[in-house]
Amino acid sequence: MLITPTPPPPAVRRRARSDTLRYFRQVEAIIRECRTETPLAVTMADRAADAINQGGKLYFAGDPGLVSEAVGRAGGLMMAQGLNRPNSGPAHSVVVYGWKSAEEFAADRSWLQSLGAHGFTVLGIGPASAPPADRVPFQGVLTSGRGSSPMASGIQDSRCGLPALGNAVNLWDFTGELIAAFTRRHKTPTVWQSIWVAGSKERNAPRIGKPFDPLLKIPAIPAGRLSHEYTGFLLNAVHGLEKSVPTFEGAAEDLQAARASGHHARVFIIAHMVESEIGGPQDPHYLEPLNEPVTDASLQPDDAVLALAYVGIPSDVQQAADAAKDDVTWFAAPTPGMAIPSGPRNRWIDARWKPGDAAVKLPGYDVGALPPSGILQLAAYCAAITSMRDLQPPVTKP
C-alpha cells in the first residue's frame with residue numbers, strides 16, 4: 001500500500017527551498033573565489049612541471065578525500081600517485097598536500113618540512129578558514145573561503161562539504177594548469193579515460209606507468225585556459241542544479257519521512273571524494289550508507305534512498321527499491337537513450353556531466369580532462385542534507 005507522507009507546512013517548505021538554493025549559491029561563490037587563484041595555480045603548475053621534467057614524480061598527500069579525488073580518476077593525470085607519511089620518493093618530486101583543518105596539517109608538518117629540505121617541491125591546497133600555523137614547507141598554497149566568503153558566514157550547518165569542494169576545485173584547476181604547462185614544454189601528459197566508456201581498458205593499458213603519452217601530442221595550451229573552462233563548466237552545472245531545488249526538497253521530504261516513522265533513510269554512492277565526507281565532522285548523520293552488494297534484502301518497505309550514482313541507473317539498487325516499494329531520488333549522468341526513472345516513487349536529477357566525466361577538451365588528444373562528478377555529487381548530497389535539516393518539525397507518516 002502506498003503511504004503518502006504528510007507534507008510540511010508551506011512556511012517550512014519555503015524555508016527549506018530558500019536554504020537549499022542558498023547552499024547552491026554558496027557553492028557558486030566558492031567556485032568563483034577559486035577562479036581568482038588562477039594566476040597562482042599557473043605559477044605552481046609551472047614550478048611542478050619543471051621539477052617533474054627533471055625526473056621527479058607527482059604525489060598527492062594529506063586529506064584522504066583529496067587524494068582519492070586526485071589519484072586514478074577519469075580525466076585525471078595517470079602520473080598522479082598517493083603518498084603517506086613517512087614515505088618519500090625520488091629527487092625533484094612534487095607533493096601536493098591537502099587539508100581541511102589546521103590539526104590535519106600539524107600532524108604532517110615535520111614530514112613536509114623534511115621533504116622540502118630534500119629538494120621536493122611541496123605545494124598546498126586548503127581552506128583559508130583553517131590555515132596551517134607554519135607555511136614554511138609550501139612553495140605555493142591555493143586556498144578558498146577567504147574573508148567574508150559564505151564558508152565562514154553562511155546559514156547554520158552551511159559548511160557541509162564546502163571546505164572539500166573548495167579544495168577539489170583548486171585541485172582540478174591546478175591539474176588543468178599542469179597539463180597546459182607540460183604542453184608548453186612540448187610534452188603530453190597521459191590522462192585516464194573513464195572505465196565506464198567502452199574500450200577504455202584497451203585505451204588506457206599502453207599508457208599505464210607512462211607519465212607522458214607516447215602516441216599523441218597536445219599542442220601548447222595557453223596559461224589559464226583549462227582552469228577557466230573547468231570552472232565555467234562547474235558554474236553552469238551548479239546553476240542547472242538550482243533548477244532542481246524542488247526535487248531536492250521532495251527527496252528531503254521522503255528521507256525525513258522514513259526517519260520520522262522509524263524506517264531507514266539511506267544514501268547509495270558511486271564516487272571518490274564524497275565517500276570520505278559522509279560521516280565526517282560536518283555530516284549530521286541523517287543518512288545511513290547503502291553499501292554494495294545491494295540485494296533485495298538491503299532495503300525494507302518504507303525506507304527511502306538518495307542514490308548518488310555515476311553514469312546511468314545501477315540495476316541492483318533499482319531492483320531492491322522496486323521490490324521494497326521504496327522512494328528513490330536518483331542523481332546521475334544519463335546514458336544515451338536511457339529511460340529516465342519515473343512513477344510516484346522515483347525522482348530524477350540530471351547530474352549535469354556526461355559519460356566520460358571530463359569537463360574540458362584537450363586539443364589533439366583522444367579524451368577530455370578534469371572531472372566534475374566529485375564536486376557535483378558532494379554538492380547534491382549537501383543540498384539534500386540542507387533541505388532535510390530545515391524540514392522541522394520532521395515530516396511524519398500517518
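Contact here means heavy atoms within 4.5 Å. The model is predicted, so local features need pLDDT of at least 70 and side-chain atom pairs count only at pLDDT 80 or more, while totals for chains, interfaces and linings use all residues. Residues are numbered from 1 along each chain as its sequence is written, and side-chain values use heavy atoms, with hydrogens and water left out.

Figure 1. Strands (E, at least two residues) and helices (H or I, at least four) are DSSP runs numbered from the N terminus. Leu58 has a relative accessible area of 1% and is therefore buried (under 20%, with exposed over 50% and partly exposed in between; 1.4 Å probe, protein chains only). Residues up to four places away in sequence aside, Leu58 touches Ile52, Leu77, Met79, Ala80, Gln81, Val94, Val96 and Leu178. A distance of 9.4 Å separates the C-alpha atoms of Leu58 and Leu83, which are 25 residues apart along the chain.

**Figure 2. The largest nonpolar core and the contacts of Leu178.** A nonpolar core is a set of buried Ala, Val, Leu, Ile, Met, Phe, Trp, Tyr and Cys residues joined through side-chain atoms within 4.5 Å. The largest has 94 residues, and those with the most contacts inside it are Leu58, Phe174, Leu178, Leu287, Phe331, Leu362 and Tyr381. Helix H6 (residues 162–183) contributes the largest share of this core, 13 residues. Beyond its neighbours within four places in sequence, Leu178 is in contact with Ala45, Ala48, Ala49, Leu58 and Leu77. Another core, of 17 residues, lies apart from the largest one and includes Leu299, Ala307, Ala332 and Trp348.

**Figure 3. Lining of the largest cavity.** A cavity is a set of points, on a 1 Å grid over the protein atoms alone, where a 1.4 Å probe fits but cannot get out; lining residues have an atom within 4 Å of a point. The largest cavity holds about 50 Å³ of space, the volume being that filled by probe spheres set on points joined across faces, edges and corners. Its lining consists of Leu58, Phe60, Ala70, Leu77, Ala80, Leu171, Trp172, Phe174, Thr175 and Leu178. H6 supplies the largest share of this lining, five residues, and strand E1 (58–62) supplies at least two. By class, nine lining residues are nonpolar, one is polar and none is charged (nonpolar: Ala, Val, Leu, Ile, Met, Phe, Trp, Tyr, Cys and Pro; charged: Asp, Glu, Lys and Arg; polar: the others, Gly among them).

Terms used:
1 Å grid on protein atoms, 1.4 Å probe; cavity = no way out; pocket = protein on both sides within 12 Å on 5 of 7 lines; lining within 4 Å.
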